[in-house]
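Let's take a friendly walk through one part of this protein model. Keep the sequence and the 3D view open as you read.

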Amino acid sequence: MSVLIIGDVGVLDGMFHIGDEAMFEVAVGELAQRGLSGIGVSSNPPETAARYGIPALPRLGFAGLDRAEAARRADHLLAVAAGSAELSPDDPAVEVFKALEAARLLVNAGGGNLATRWHSHVFERTTLARLARAQGVPVVVTGQTLGPDLDAPDDAVVARMLREAVLVGVREPDTAALVDSWGLSATLNVDDASFLGLGAEEEEAGESASRGGVVVSLSGWFAGRPADQVEQHIAELADAAARTVGRVLFHAHFGPLDPAAPARGDAALHERIRQRMSEPSTVIPTGTSREAAALVHGADLLITGRYHPAVFAAPAGTPVLALSADRYTRIKLGGALGHWGQTGVLDLDELPDAPRRLETLVADTAAIRDEAAARLPRLRAASRQWWDRVAASARN
């Protein structure tokens, strides 16, 4: 039985985004374990097909459109589904329409992109869900952060998608509360990629070549703050971590796949911070999602402005100092850590106080690891039960 899976996947211009790929990888794997064959919807179908060993199709054609253009595109696709319009043979949506004819389920895979700031994602995911329902294909929404900037009319179309879905899974309490405010219900779980590389999967992934020390994985989103000031404070924090904990390893979750390529994305930010540091540091190539998970599983400390480093680290009991730039990042990082009893979210404006917070966090390492170990069986069981329910939706 085939399941159509949409995620923010497909390497473009040689740049790999670990978190988005990790959620998709887990969805494909969990469904395969339950006898369901995935078909991906990707920005780069050949690359995704080769990476995950599944068929992959192009997206619906919303990338790069402004809001008015995206609205017209959505209306046209829905008219095609209703039989009142036609697609040209070279339309990128042709393959998705064909796939939906045979699909038993559409899985709207995890991500934090259903917010007004990313209108193209709102249009694509909600439109695809409506196309699936027009074909009688059930829809599952899993591993989502919604908003918090989800303004009219985006809130209405997202709420409609959730209302028509057979299952809705969200990953932090703030999103669950938003869904509840719409009079709907959702299952609150950890992020779908939380257990990538843990337990039996860790043996398959192998040991990371770099263990221990401090992993630093940052995002360049500072929410309008002066970059020089923020980068200097982070360099001082990294120096303090080096003196307190040990060697510092910089790892870009959005960076070039080619280790020899010029630094771009998070990797470029890391280089600027390294130049400001007085202590030595090392760069770990972006690599794969599993390698990223293994890296933070073996770290003594994670400093991150990215979400998925925290998602990977917290279940392994790695202490996390998370740097939030705005309400959106604070909700995500706080949610990721809160599932595991950690509270180390620091606003970028609080960076001058970060070295002191660092010392407290390191002193609590044993308690953090014990708490993660205590919560792991329950949360992992809940995740497995969720994917059992998702798979059952394709068989009903």
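## Strand β14 and its neighbours

Strand β14 pairs with strand β15 (residues 320–324) in the parallel sense, over three bridges; pairing here takes at least two DSSP bridges between two strands. Strands are DSSP runs of E with at least two residues and helices are runs of H or I with at least four, numbered from the N terminus. Leu302 has Val320 in β15 as its bridge partner. To get from β14 to β15, the chain passes through helix α12 (residues 307–313), making a right-handed β-α-β crossover; with the strands pointing away from the viewer, the path from the first strand over the helix to the second then runs clockwise.

Strand β10 (residues 214–217) also runs parallel to β14, joined by four bridges. Here Ser217 stands opposite Thr304.

Is β14 (residues 301–304) covered on one face or both? Both: Leu301 and Ile303 are buried on one side, and Leu302 and Thr304 on the other. Buried means under 20% relative accessible area, with a 1.4 Å probe and protein chains only.

## Where α9 meets α14

Leu237, Ala240, Ala241 and Thr244 in α9 meet Ala354, Pro355, Leu358 and Val362 in α14, with contact meaning heavy atoms within 4.5 Å. By class, this contact has seven nonpolar residues, one polar and no charged ones.

## About the model

This is a predicted model, in which local features need pLDDT of at least 70 and side-chain atom pairs pLDDT 80 or more, while totals for chains, interfaces and linings use all residues. Residues are numbered from 1 along each chain as its sequence is written, and side-chain values use heavy atoms, leaving out hydrogens and water.

Conventions: Ala, Val, Leu, Ile, Met, Phe, Trp, Tyr, Cys and Pro count as nonpolar, Asp, Glu, Lys and Arg as charged, and the others, Gly among them, as polar. Buried means under 20% relative accessible area, exposed over 50%, partly exposed in between (1.4 Å probe, protein chains only).
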